[in-house]
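Work through the following exercises with the sequence and the model open side by side, and try each task before reading its solution.

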Amino acid sequence: MRRTPGWKLVTALAAAAMAASACHEPGASSATSPSSPSSSKPASPTPTPTPTPTEVALVKKMSTAEKVGQLFMPTIPGSTPSAGAALVKRYHLGGVIYFPLNLHTPRQTAELSNGLQKAALKNGGVPLVISTDEEQGPVSRLPYVTRFPSNKLLASTKDPDEDTRLAAKVTGEELMAVGINQDNAPDADVNINPHNPVIGVRSFGANPSKVAHLDGVAIDAYRATGVAVVAKHFPGHGDTATDSHTGLPIINHTKAQWERIDAPPFKAAIDHHADVIMTAHIVVPGLEKSRLPATMSKTVLTGLLRGKLGYQGVIITDSLQMTGATIKFGPEEAAVRAVVAGADMLLMPRSLGRAYNAVLAAVKSGRISRSRLDDAVTRIIRMKNERGMFHPYVSVAKAGRVIGSKAHRAAARKVAADVRAGA
């Protein structure tokens, strides 16, 4: 029989989130006002988090099927809640990701988010992570957000720290206004290959120190709005001429080169409390001698990211529809291997049903241990609780007032002027 977490546990988590969260309503003033100086220094070293008794109890009460569902973040069809809600309920989803086909107006998006959250919470469920890739520049999913330039341009303005902070602050507030509680940004790759077809201007540049610094600025600003932050693409996608959407890049950095070039932005992301780190479908023989893609490498995810760098947040794969994820393994095997390697969430499986069933079977057979599954789900629940996601609903009426507000347009004009001044 399917067991669902009781409302008392869900209510307790919501109360804890209300008490502990530093989040605020989109558009409200924050500790980092537009006129305040930005800082890339974290408030404190990243602690090793311990789940609360309420979080532990919630995970314990979940069925195996519900736990497996928490690992998945697929796309959804259409722009109304009905079809997406059916998937949420059928697979007990942990999250969904929006693309332009889902997004038309602020009001419609807010209604979609609220409808999906209602489906997730029904019968004592767990709220969704609702994400999108809103990097600004060339990777922008929402057709109506206040526009800002790419990270490469932000890094070259006359005031890069403040402009990076403003772009992240405005973007985070607008995402939160329509119920998108996680942004798959910022890009933490150091783009040292001028022929890179997939990163390019999405990166803050080719200088590891500068990329690390501006990633820290962006992460602090995003998190201050309440949106969860995703640093990507670990262990570093900057030095390749192959697009992992269509092939499997091989990056021939030695471990020493990786430490010097690729690692600094991810170390900064960890220091600045990035909620999630996204994996890359790349092969780095200097880090993984068996030449497994990083997403499926326990050496890279558990040994390097968890062990050496000490990252304790959620690890999510890049899209499992990409060729780089499936060129060595089929879609179902890629999903199972990613979880075994240490990934907590699986983004955009090629077939949700087949991938879900494969992971569920792997848990039942013991290939994915119960402890590995519980560890992943606990990290996801902890992140949802810490980031206030147990209060998931947004004001439909307010969404349109936050998007493109007078203050946000002024911020965009300021950044645009700084781009011209820095050219």
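**Exercise 1.** In this predicted model, by about how many helical turns are arginine 107 and glutamate 111 separated in helix H5?

Solution. Begin with the positions: arginine 107 and glutamate 111 are four residues apart in helix H5 (residues 106–121), so about one helical turn separates them. Next, look at the side chains, which meet in a salt bridge with an N to O distance of 3.4 Å. Finally, consider accessibility: arginine 107 is partly exposed at 49% relative accessibility, and glutamate 111 is likewise partly exposed, at 38%, since this class lies between under 20% (buried) and over 50% (exposed).

**Exercise 2.** Determine which parts of the chain are linked by the salt bridge of aspartate 159 with lysine 414.

Solution. The closest N and O atoms of aspartate 159 and lysine 414 are 3.0 Å apart. The pair links distant parts of the chain, because aspartate 159 sits in the loop between helix H6 (151–154) and helix H7 (160–177), whereas lysine 414 belongs to helix H16 (residues 406–422), 255 residues apart. Aspartate 159 is partly exposed at 29% relative accessibility, and lysine 414 is partly exposed at 28%.

Note on methods. Residues are numbered from 1 along each chain as its sequence is written. This is a predicted model: local features need pLDDT of at least 70, side-chain atom pairs count only at pLDDT 80 or more; totals for chains, interfaces and linings use all residues. Side-chain values use heavy atoms; hydrogens and water are left out. A salt bridge is a side-chain nitrogen of Lys or Arg within 4 Å of a carboxyl oxygen of Asp or Glu. Helices (H or I, at least four residues) and strands (E, at least two) are DSSP runs, numbered from the N terminus. Buried means under 20% relative accessible area, exposed over 50%, partly exposed in between (1.4 Å probe, protein chains only).
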